[in-house]
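Here is a short report on charged side chains and their partners. The sequence and model come first.

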Amino acid sequence: MTSRRSDRFRRQTVRACVLAAGLWISASAFSADLSLAAQDLPPPQAQTPQALQQISKTNLAIARLQAITDRASELATQALAMLGINYRYGGNTPDSGLDCSGLVRYVFKEALGTDLPRTSAEISRVGEKIGKDNLQPGDLVFYNTLRRSFSHVGIYLGDGKFIHSPSSGGQVRIESMDESYWKKRFSGARRIATDDSDTR
């Protein structure tokens, strides 16, 4: 590995650690907020039917938000572990190398047990379509890199960053969605639920 590549890998590793720490801090803060919210609930003897209904709705919302946080953390952790893996067209495993859709499929399978289709175009038809302004860590971002929409896919990490396996000769790395190359080629984003599969 050349000195230049080694320096780039070190920078990527540092960025990955910072992102992972940010996700951990966010999850910890979120858990603390949930504990404080639970403390604000009225005591059992003061709970009217309306209060019980409100508590039930609140608990459901809290459970959903916690599930999103856990899911994002699992996906981000698994994806960051792939940093530096060599690109390989058609590659499905870290040992043999990964292409863009191979990376996404591997991460979702390992982190959530979710099977996704083989190509980025097929993956773009799974899950829920979401706007760029509503992205959450773990969502998929798609790009037009081969003069056709949805020809490239990566995993959103938060803070405008995504992880992907680029073209031949490259390695799995983190990049900013705000870079002009990616900004011009953005095709859309999807959110994959844990029960989505390639049969959908």
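Buried means under 20% relative accessible area, exposed means over 50%, and partly exposed lies in between (1.4 Å probe, protein chains only). This is a predicted model: local features need pLDDT of at least 70, side-chain atom pairs count only at pLDDT 80 or more, and totals for chains, interfaces and linings use all residues. Residues are numbered from 1 along each chain as its sequence is written, and side-chain values use heavy atoms, with hydrogens and water left out.

**Salt bridges**

The structure holds five salt bridges. The term requires a side-chain nitrogen of Lys or Arg within 4 Å of a carboxyl oxygen of Asp or Glu. Three of them are listed here.

| Pair | Closest N to O |
|---|---|
| K109 and D115 | 3.1 Å |
| R191 and D139 | 2.9 Å |

R191 and D139 are both buried. K109 is partly exposed at 39% relative accessible area. D115 is partly exposed too, at 36%. K161 is partly exposed at 22%, while D159 is exposed at 64%.

**A buried arginine without a bridge**

R71 lies in helix α2 (residues 49–80). Helices are DSSP runs of H or I, at least four residues, numbered from the N terminus. R71 is buried but has no salt bridge. Which side chain of opposite charge is nearest to R71? It is D139, 4.4 Å away. Here Lys and Arg count as positive and Asp and Glu as negative; His and the chain ends are not counted.

R71 also touches F108, L112, P137, G138, D139, R191 and I192, leaving out residues up to four places away in sequence. Contact means heavy atoms within 4.5 Å.

Note on methods
Helix = DSSP H or I, 4+ residues; strand = E, 2+ residues; numbered from the N terminus.
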